[in-house]
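Work through the two exercises below with the model open beside you. Each begins with a task sentence and continues with a solution in steps.

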Amino acid sequence: MKYIIILLFLGMSVTAQNTHAHHDSIKNLEEVQVKNAAKKKIETEMKMAVSVDEFLSSSDNISFIKRGAYAWEPLLNNMSSERSTLTIDGMHIFGACTDKMDPVTSYVESNNLSTIDIKSGQQGSLHGATVAGSIDLKRKSTPFGLEKKWNGAYQSGFEFNNKQFFNLGNVAYSGEKFVAEGSISYRKADDYYDGNNNEVKHSQYKKFNTSLGFAYKTTDLSSVRVDAIFDMAKDVGYPALPMDLSLSRALITSASYKQLFEEGVVKVVDTKVYFNAIEHYMDDTTRPENLVHMDMPGWSTTYGLVSKANLKKNRYSSEIQLNAYDNLSIAEMRMYPQDRSKRTMFAYSWPWVTTRYGGLSMNNSWDLSEKSQINLGGSLGVNYNYSKYVEFNWIFHPGAPQEKTRFLPSLHAGYNLDIDHFNFSVGTGYGHRAPSVSEGYGYYIYNSFDRYDYIGNPDLKNEISYEGNASAGFKNEKLSIQGKINYFYIENYIIGRVLSMGSPMNYQSVGVKGYTSLDYATLLNMSMNVSYDILPHLHWKGVLTYARGMDDQGGNLPFIRPLSYQTSLHFMHKNFGIQTSVNGDFQQINYSPEYGEDLTSAYTIWNISADYNFKINKVRTVVQVGAENLLNEYYSTYADWGNIPRMGRNIFTSLKFNF
Amino acid sequence: MKSFKFLVIALFCVITSCTIDKTDYQAETGSEVPDYYEFKEAVSFTSGTYKISIEALNGTFFKGYNELHLKITNTQTNQDVSSSEVTFLPILSSTDGNKTSCPHDYNLQYDAANKYFVGYAVFTSESAAANSWKLYVGFTADNQKYDISKDILVEKQSNKNLNMTAFTGKDDQQYVIALVSPQKPTVSENKLTAGIYKYNTPTAPAGTFPDPSQYSYSEVSGYTLKLDPRMPEPSMGNHSSPNNQDLTQQNDGLYHGVVNYTMTGNWTLNLIMMNQNGLIIKGTVVPTDFTPGVEGVKSELYIDTLF
């Protein structure tokens, strides 16, 4: 019903706003940007038609847990997704799957995003309490009064390995007072084949995504905007899991009001209310090897408010953001006895858990001189949890409170210095995070990686992170070198430990683990980026990353990326471009058998692609042909769930029109 | 603009198409488990001017444990009789002439606060064509002894959480274990109450029927029931739960412990009954391995529940 009302509202706004589109603009609303973020296009160097996941993986500090070909779970600074805040334009969204089969990134599509803003550590606390940092997916937003009123793009392509066929289209109308934009996309893929040319069963997917956005300029300095994204995935296989997805749907809506100020300290205030609802239905009837059939539907509904003000005076600039949301997460388990006429067995894996968060965050920066800058920021949040069917939590934690309120403070400071061709930065941070719904209230959530059922603990302490980071770089016309390092000391690090008293429930499980707090854990991330322009049209780039994570006993943490590298060459000549890259991981020596990891061998992948730009009647066109894993290497990475092999040689083609 | 409208209509159709409904959890446990919380008259009979009324939960005698409230009223004065000695004896007669009883309270106690006599009976079988139950009640009023009897109907216990089991222990004694509560378990730690009864083998030859000494049962005291609840369905792979407590006797003569149900469905309470000296009278240790696809092995002594 809620959906219908929202749609009707959207429908009305289509007709209503269309009527007043007259021309009286002086200012270009979107041009005023207090802080200019480096905008990236959603494409990687190798591939222009990428999925959101593929794009994210091109970032240094993002790695992925992969459970198949679809919906990879992004790890920021080698920390799992509950340690980072994942938002879409500042809106909090929570996946509805207990097994993390639907990270937020799976509910958007590359053609409705403009960029992805990744902030490491406490610098990302603007969007709420975090330990690892924040990933903010920025939606496309067309400015008012563009010279070219209609803009559009259409992209299609085919990938041979898994017969993925995709069509992505988007249009935007930019008037003086009115902007409308929409996108639509459909991807369909069959099972992929590994490096030994064996089919990886249950790795198919179908994804449909569409978005709509309307903005109306109410005055010269203010505008309103409504946005909606609808995403639907069907028949998605997860080869690493014992079940697949029959249907997942997300409706992500927001309405915002933006006010600019020409005078005074406050430059922009942007306030948005949002609502999103996610449904996720797992299905294991597609797996004949399962003797047991189990239904595991999940729902996640979030209402929220995000309001942001940008301040600037002389050398001082500041961002203040108010975040508030209310999320209800529900997940059910229903098991069927052999005799279907008999009574089914039922339990909640998320017993109607409400999370409310309200917090005020601030980032300030002062330019001490032309060369140096100080950043100071922090946030204070209140996190409230309520478990409606708390009896499920009482099974393992008798007498645990039904409600819990936590205060989540955070602070960070940094200093940047630029001297000639060199730049340096140091920073430090401190922050709390509340346990996630699964960590706090999860009940028999099956983790197919270590094959344990996980039990949440409502009494877990806040995870407290102390971090330090530094970077140094050199840059001239031809050469650029940048080294980064960060170190996290995380108190009360939440992780699953074997519970001797538990008895497994899920069919494949070997035991029960309860989320507990380690005294501490430490994490070190390092990266080195080098780029060099060998010739004006020949560029070389290299990246080396290393990470190490240890628990309080000196044991290894799981899902820490081993030493890895990437090197690429890019050559352009007129309208023609060719690029090749080699990337790989070294052997994962520091693996963690306790968490189901085994030694993952080194691998090296070679990719190559070529593209050509041309114009057909003013329509800019790009064609691209390329191959990933050209040598058809059989490999799986340290973060491949259940060591499922990655895709073998994949030849991809794509075609893009911009008009 | 037309395309937008089409899109909206298309979206509308997609969104309103059917989905899986959320489970109504409160209704979920309620649907399968009848609960009896009201005492109603199950049987009444008159003897002279006295009316005897026996109340049971839901107004029905069920197989298993039944708490009974007995009232004796003088129909002429409309006064309740409270000072009498009341005896109570259920007898099961089979068509072959065999007469047995079941665990029961022979001498009923008067509850002055509630103004009735309190007792119980653990009916060990349902009434059937070949088996009929009869109650023998005796009391004294106005210095006159009354002995009356009446056929009753014992119905099937439809609440699977009030099951019972009857067996012969290693000491060659006949025992009955009956679940008393919870009537309506939840996914949580449930206080589990059971009665353990023993047939007292008569030492003297039978007198005139009904001779209570031939049909005597008593609550056993000082025993322990070790508890290991498991889900027997093959799909549950011998799943169990933490934080269970063995049943020990409390002041009310019943045995109390804790059973922790982790989810709704079929459960088996695997029991080991030990006497005062810790000797096992009945029951075996069950495997604790998680064995998916294999039906859980039950103890020699068990009671099934379902909710």
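**Exercise 1: a hairpin and its neighbour**

Strands β20(A) and β21(A) form a hairpin in which two residues lie between them, and A:Asp420 in the turn has a positive phi of about 50°. This is a predicted model, in which local features need pLDDT of at least 70, side-chain atom pairs count only at pLDDT 80 or more, and totals for chains, interfaces and linings use all residues. Residues are numbered from 1 along each chain as its sequence is written, while chains are lettered from A and ligands numbered from 1 in the order in which they are written.

Step 1. Strands are DSSP runs (E, at least two residues) numbered from the N terminus, and two of them pair if DSSP finds at least two bridges between them.

**Exercise 2: two pairings of β30(A)**

Task: find the strands of chain A that pair with β30 (residues 603–616).

Step 1. β29(A), residues 576–585, pairs with β30(A) in the antiparallel sense over 10 bridges, and A:Asn583 stands opposite A:Ile605.

Step 2. β31(A), residues 619–628, pairs with β30(A) in the antiparallel sense over nine bridges, and A:Asn613 stands opposite A:Val622.

Step 3. β30(A) and β31(A) form a hairpin with two residues between them, where A:Asn617 in the turn has a positive phi of about 45°.

Note on methods. Helix = DSSP H or I, 4+ residues; strand = E, 2+ residues; numbered from the N terminus.
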